[in-house]
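Student: Could you walk me through the charged pairs in this protein?
Tutor: Gladly, let's look at it together.

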Amino acid sequence: GRDFAADSEHAEQCQWQISAWKNKLILPEEAIKVAEDEQQKAAAKIYSRYVDALKAYNGVDFDDLILKPVVLFREYPEILQRWQARIHYLLVDEYQDTNVAQYLWLRLLAQGHQNICCVGDDDQSIYGWRGAEVGNILRFEKDFPGAHVVRLEQNYRSTLHILGAAS
């Protein structure tokens, strides 16, 4: 008989892999090239069929909500310019937890008016397993030259004992 638990585990692993690729802006044709092992190669084949199925149903998944606009902005600069003209200010919380796709989406939009405010703490980056790139916040000043950076050095929420353990 079929091992439904193994099938379910394989499906979940493929789902995580496809999501990870989308969060790094890796499309199906690239995924096949970057797949490192048999499991990733199988996921890459499923990824291609999954994208086709979404397209057939005129659907998107959660990761597509960022991936699709980034791809659109890259392919059609005039559409990006229209959105840049509409969005005058960007406010981003938990910037340390942005992934590659989110980071590029923000960078593209912020190039218009250069009014972006990001709040984050590189010491609190906890979503690396979900694709978060703490390097996004670490290179903020380089990516947005002339940005005014305010460092909040005093912690009013935690005791010295907690802060010592965190360090």
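Tutor: Let's begin with E38, which is exposed at a relative accessible area of 60%; exposed means over 50%, buried under 20%, and partly exposed in between (1.4 Å probe, protein chains only). Keep in mind that this is a predicted model, where local features need pLDDT of at least 70 and side-chain atom pairs count only at pLDDT 80 or more, while totals for chains, interfaces and linings use all residues. Residues are numbered from 1 along each chain as its sequence is written, and side-chain values use heavy atoms, leaving out hydrogens and water.

Student: Which residue does E38 meet in a salt bridge?
Tutor: A salt bridge is a side-chain nitrogen of Lys or Arg within 4 Å of a carboxyl oxygen of Asp or Glu. With an N to O distance of 3.8 Å, the partner is K41.

Student: How many residues apart in sequence are the parts that K22 and D64 tie together?
Tutor: The side chains of K22 and D64 form a salt bridge at 2.8 Å, N to O. K22 belongs to helix α1 (residues 4–23) and D64 to helix α4 (residues 64–75), so the parts they tie together are separated in sequence by 42 residues.

Methods. Helix = DSSP H or I, 4+ residues; strand = E, 2+ residues; numbered from the N terminus.
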